Amino acid sequence: MGEAVEREFFEVLEPASQRLPFVFNSPHSGRSYPQSFLDQSRLDAHSIRRSEDHFVDELFQNATFLGAPLLRAHFPRAFLDVNREPYELDPRMFDGQLPPHANISSMRVAGGLGTVPRLVAENMEIYRGRFPVEEALIRIESIYKPYHATLRKLIARTHVQFGMSVLIDCHSMPGNVHLPGSSHRPDFIVGDRYGTSAAAELSRTAVSLLEQLGYVVARNKPYAGGFITEHYGRPTRGLHALQIEINRSLYVDEVTLVKKPGFAALTADLTTFIAALAQHVEEYGAYLPLAAE
């Protein structure tokens, strides 16, 4: 049952042998849309994809050749968002009662972006109407919980093998995102929950390495990291978590969702970045827990 769930809804791309204390995670690049879900939606098959982190799993897939596992979703973010608490749910979406432990008042729920989202990008409503609450709870039980169980196992295995673990949570952002109070558009944003999910030295090194490759890089603003970064980052215990947001306009046409000619060059740069960050951790990893802010 577990392996069947993994094959259908997500998968782990394993290296021949794990040589790096890293785990890569791409929770929002899934592009397998269940027909029953599309039938429930008021959006066409193209518009509903606007919440995807398009092809991010492919941008980072060379991590496996360097010696780190990559967990990637097949299910789309519009169907289920695993970068949320397990029960961030909007009662207005469902027929039936939510469980008492559901978080119905978070900012993400209010914004239509809960565990089972109400909206895709640009405030487009997903569903034609209410649907049974049992459907949402089945998604959480059958996909969300196995996904996080798999991620926890990868992190724990890495921590046992290397004495530390670095989770890289891989995402993309719209091309029109600006830095707060500025007209500059970053190519990357590195998030560490303002120094709480990873050692500050690790975050600064990630920013510096991307800048050395010629990119405009910001840290924590406007994206500091979501539930995954916050939940799995425990730097004082040697468990570091960074969120990396990539500007989609670098590699994909945001209207047609077709890869741009620069896709291969960006993939190569990210491979260089992973290798350099891994080398830094190999040289200085023993000191990282002491550097957490």
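**Exercises on a predicted model**

R72 lies in strand β3. The model is predicted.

**Exercise 1.** Classify R72 as buried or exposed, and find its polar side-chain partners.

*Solution.* 
- Step 1. Take the relative accessible area of R72: 15%. Buried means under 20%, so R72 is buried.
- Step 2. Look for polar contacts. The R72 side chain pairs with that of E11 at 2.7 Å. It also makes a polar contact with the side chain of D57, at 3.3 Å.
- Step 3. List the surroundings. Neighbours within four places in sequence aside, R72 contacts F10, E11, L13, S26, D57, Q61 and Y147.

**Exercise 2.** Check the span of helix α7 (residues 200-212), then place its buried residues.

*Solution.* 
- Step 1. Pick out the buried residues: A200, L202, S203, T205, A206, V207, L209 and L210.
- Step 2. Find what they pack against: β8 (165-173), β9 (188-191), β10 (217-219), β11 (239-247) and α9 (263-284).
- Step 3. Go past the helix. G214 follows α7, with a positive phi near 100°.

**Exercise 3.** Describe the largest nonpolar core and the contacts of F94.

*Solution.* 
- Step 1. The largest nonpolar core holds 42 residues. F75, L80, F94 and V116 have the most contacts inside it.
- Step 2. Elements supplying at least two residues each include β1, β3 and α6. The most come from α6, with nine.
- Step 3. Sequence neighbours up to four places away aside, F94 touches L89, V116, R130, F131, V133 and A136.
- Step 4. A second, separate core has 40 residues, among them A199, A206, I246 and V281.

Technical notes
Residues are numbered from 1 along each chain as its sequence is written. This is a predicted model: local features need pLDDT of at least 70, side-chain atom pairs count only at pLDDT 80 or more; totals for chains, interfaces and linings use all residues. Side-chain values use heavy atoms; hydrogens and water are left out. Helices (H or I, at least four residues) and strands (E, at least two) are DSSP runs, numbered from the N terminus. The expected span of a helix is 1.5 Å times one less than its number of residues. Buried means under 20% relative accessible area, exposed over 50%, partly exposed in between (1.4 Å probe, protein chains only). Contact means heavy atoms within 4.5 Å. A nonpolar core is a set of buried Ala, Val, Leu, Ile, Met, Phe, Trp, Tyr and Cys residues joined through side-chain atoms within 4.5 Å. A polar contact is a pair of N or O atoms within 3.5 Å; within protein, one must be able to donate a hydrogen and the other to accept it, and residues adjacent in sequence count only if both atoms are side-chain atoms.
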